[in-house]
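Please look over the sequence and the model before reading on. The briefing is meant for someone meeting this structure for the first time.

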Amino acid sequence: MNREEDLELRSGDKLLFTRSDADSGIAAMDHAKVARFDEDTVTLDFKGEEQTFERGNPVLLSLTHGYAITSHASQGKTAQDVISVVDSKERMLTNQTGFYVSISRSADTLALIVDDKARVMETLLRNSGMKSSALEALERIESFTGLDRDPVAETSAGSADKDKEMEQPLGAGAGKTPDQAPVSESEETEQEQDLGLDRDFGM
């Protein structure tokens, strides 16, 4: 939801564009400085050159004071002196990544202002600020729960092992239990005679 507010300007004020405008060569987060203004126009020092805008130009609606910027917008920028403000209530914005960006913008001095030191420290320790993709999160969940293992594959592997155990080489001793000793041909003949297998049954 966009909200328009009156912006009080003075010569020398530092301003910040919050939206891009291709026709004017303006990109979001570009800085400008008020050079001069009158009842009809506003002249800004922008990228080392002066540009004059009519008061009704919609580009001016994206201007805000540029004395403070978010840690995200400050990436890649350096200032001589930096004041970093961390609000413990902004739990999603208070993270290790953003905190490092904020405190590393200074070339000389840094002042850190917090509303609740203990809560800020607790939030920073818990929130790294590193984003995880849905696939990465799913892999972590599956790893913790054991859902990354394929039950079908494990069942197939178990069945294959059982099949191998059932397979025995053909020849003497096949189908015999380990406690059974090999039987010689003469002993087999005697066993067959005992069972009456040597008798010829006619039709």
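The model is a predicted one. Its five-stranded open sheet has the order 4-3-2-1-5 with antiparallel pairing, and its largest nonpolar core is made up of twelve residues.

**The sheet**
- Strand 4 (49-54) and strand 5 (63-65) stand at the edges of the sheet, and because each has a single partner strand, one side of each is left without a neighbour there.
- From one strand to the next, the twist averages 40 degrees.
- Strand 3 and strand 4 run antiparallel and are joined by six bridges, and Val42 stands opposite Phe53 of strand 4.

**The largest nonpolar core**
- Among the residues of this core are Leu15, Phe17, Ile26, Val34, Val42, Phe53 and Leu63.
- Strand 1 (14-17), strand 2 (31-37) and strand 3 (41-46) each supply at least two of the core residues, and strand 3 gives the most, with three.
- Val42, a member of this core, touches Leu9, Arg36, Phe37, Gln51, Thr52, Phe53, Arg55 and Leu60 when residues up to four places away in sequence are not counted.

**Thr94 in its loop**
- Thr94 is found in the loop that lies between strand 6 (79-86) and helix 1 (96-103).
- Thr94 has a relative accessible area of 6%, which is under 20%, and is therefore buried.
- A polar atom of the Thr94 side chain lies 2.7 Å from the backbone oxygen of Glu90.
- Leaving aside neighbours within four places in sequence, Thr94 is in contact with Val86, Asp87, Val120, Thr123, Leu124 and Asn127.

Methods. Residues numbered from 1 in each chain as written. Predicted model: local features only at pLDDT ≥ 70, side-chain atom pairs only at ≥ 80, totals over all residues. Heavy atoms only, no water. Core = buried A, V, L, I, M, F, W, Y, C linked by side-chain atoms within 4.5 Å. Buried < 20%, exposed > 50% of the residue type's maximum accessible area, 1.4 Å probe, protein only. Helix = DSSP H or I, 4+ residues; strand = E, 2+ residues; numbered from the N terminus. Contact = heavy atoms within 4.5 Å. Pairing = 2+ DSSP bridges. Axes fitted to C-alpha atoms, helices over the stretch in contact; angles between N-to-C directions. Polar contact = N/O pair within 3.5 Å; in protein donor to acceptor, adjacent residues only side chain to side chain.
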